[in-house]
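Here is a friendly note to read with the structure open beside you. Take the points in order, and find each residue on screen as you go.

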Amino acid sequence: MELLNDQGLRIDGRRANELRLIRCKLGIYSHTDGSAYLEQGNTKVIAAVYGPREMRSSRKSKILHDSAYLNCQYSMTAFSTTERRNRNRGDKKTTEMTINLHQALSSVIRLELMARSEINVYVEVLQADGGNYSAAVNAATLALIDAGIPLREYVIACTASLANGNVPMVDISHLEENIGGPTLTVAMLPLSKQIALMEMSQRFHVNFLEDVLKQAQKGCEDIYNILDTAVRLYLTEIGKPNSYGQE
């Protein structure tokens, strides 16, 4: 099955350079320091942030005198995929995702400003339909902003692949991952253009890698614009004066 038809449309009707529909909401939980919900197509993720706060006694051995301790946890619900199987939080895939999430977030959090404290970031995939890691990074970024954690800038993630052997396409769905070729995942800082993480599911031919990378970076920039608009609207809304004390 080809990923692009004769009209240049993908299976879900998008063009090669089009993102899936993104919806997001900040401040979904009142009992956390920061939280966010994000939909990227049919991939749905929630993120919660606790901290900065004093280190737990069980982690005193990990205390850093010149930096905060960042703890990340990535997980998937048992009903997030069609397989309907329980996922062990310590399995290889989950551990890899947690490490990659930590790498992306630690590239932007100003940990040096919060020495001798800890920040806990929890990300849960509610529904998986491709680009799970990308959605997790993007949701975690929103939750960190909601928590007021000082960041150098946003960190945004996106995927890219090849359609019909030579056409770069962005924001890969689960079906496209299964029937297509290798997938490139990029987490980057969109303002400074720095890459925090780059991972390939399989090897790309060197002749196509540059074009696929550019497509992923362009996807990150487009997602940044969407999320930044949502953050500004959210901050404007919570910054409005309420009616307390008024008749």
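The numbered points below go from the overall layout to single residues.

1. **Ground rules.** This is a predicted model, in which local features need pLDDT of at least 70 and side-chain atom pairs count only at pLDDT 80 or more, while totals for chains, interfaces and linings use all residues. Residues are numbered from 1 along each chain as its sequence is written, and side-chain values use heavy atoms, leaving out hydrogens and water.

2. **Overall layout.** The protein has 4 helices and 9 strands. Helices here are DSSP runs of H or I with at least four residues, strands are runs of E with at least two, and both are numbered from the N terminus. Along the sequence the pattern reads β-β-β-β-α-β-α-β-β-α-β-β-α. Of the 247 residues, 49% count as buried; buried means under 20% relative accessible area, exposed over 50%, and partly exposed in between, with a 1.4 Å probe and protein chains only.

3. **The open sheet.** In what order do the strands of the open sheet lie? The order of its 5 strands is β1-β2-β3-β5-β4, with mixed pairing. Two strands count as paired if DSSP finds at least two bridges between them. β1 and β4 are at the edges with a single partner strand each, so one side of each has no neighbour in the sheet. On average, neighbouring strands of this sheet are turned by 15 degrees against each other, direction ignored.

4. **Pairings around β5.** β3 and β5 run antiparallel and are joined by 9 bridges; Val-49 is found opposite Val-121 in β5. β4 and β5, by contrast, pair in the parallel sense over 8 bridges, and Tyr-74 has Val-123 in β5 as its bridge partner. Strand β4 (residues 69–76) is mostly covered, with 7 of its 8 residues buried.

5. **Helices against strands.** α4 lies across β1 and β2 and runs at about 35 degrees to β1. Such angles run from 0 to 180 degrees between N-to-C directions, with axes fitted to C-alpha atoms, for helices over the stretch in contact.

6. **The nonpolar cores.** A nonpolar core is a set of buried Ala, Val, Leu, Ile, Met, Phe, Trp, Tyr and Cys residues joined through side-chain atoms within 4.5 Å. The largest one has 62 residues, and Leu-101, Leu-105 and Ile-109 are among those with the most contacts inside it. Helix α2 (residues 132–147) gives the most to this core, with 10 residues. A second, separate core has 6 residues, including Leu-3 and Ala-163. In soluble globular proteins, nonpolar side chains tend to be buried together.

7. **Ile-109 in detail.** Which residues does Ile-109 contact, leaving aside neighbours within four places in sequence? They are Leu-70, Met-114, Ile-119, Leu-144, Ile-149, Pro-150, Leu-151 and Arg-152. Contact means heavy atoms within 4.5 Å.

8. **A covered strand, β6.** In β6 (residues 156–163), 8 of the 8 residues are buried. Ile-156, Cys-158, Ala-160 and Leu-162 point one way, Ala-157, Thr-159, Ser-161 and Ala-163 the other. β6 pairs antiparallel with β8 (residues 183–189) over 6 bridges, where Ser-161 stands opposite Thr-183. β6 also runs antiparallel to β7 (residues 167–170), with 4 bridges. In the hairpin of β6 and β7, Asn-164 takes a positive phi near 55 degrees.

9. **Aromatic pairs.** Rings of Phe, Tyr and Trp (its six-membered ring) pair if their centres lie within 6.5 Å; planes under 30 degrees apart are stacked, over 60 edge-to-face, and the rest tilted. The count is 2. The rings of Tyr-50 and Tyr-122 have centres 5.9 Å apart and planes at 75 degrees, so this pair is edge-to-face. The pair links β3 with β5, and its members are 72 residues apart. Tyr-122 is partly exposed, because its relative accessibility is 23%. The rings of Tyr-154 and Tyr-224, with centres 5.0 Å apart and planes at 90 degrees, are edge-to-face too.

10. Is Leu-21 buried or exposed? Leu-21 is exposed, because its relative accessible area is 54%. Leu-21 touches Glu-39, Gln-40 and Gly-41, not counting residues up to four places away in sequence.
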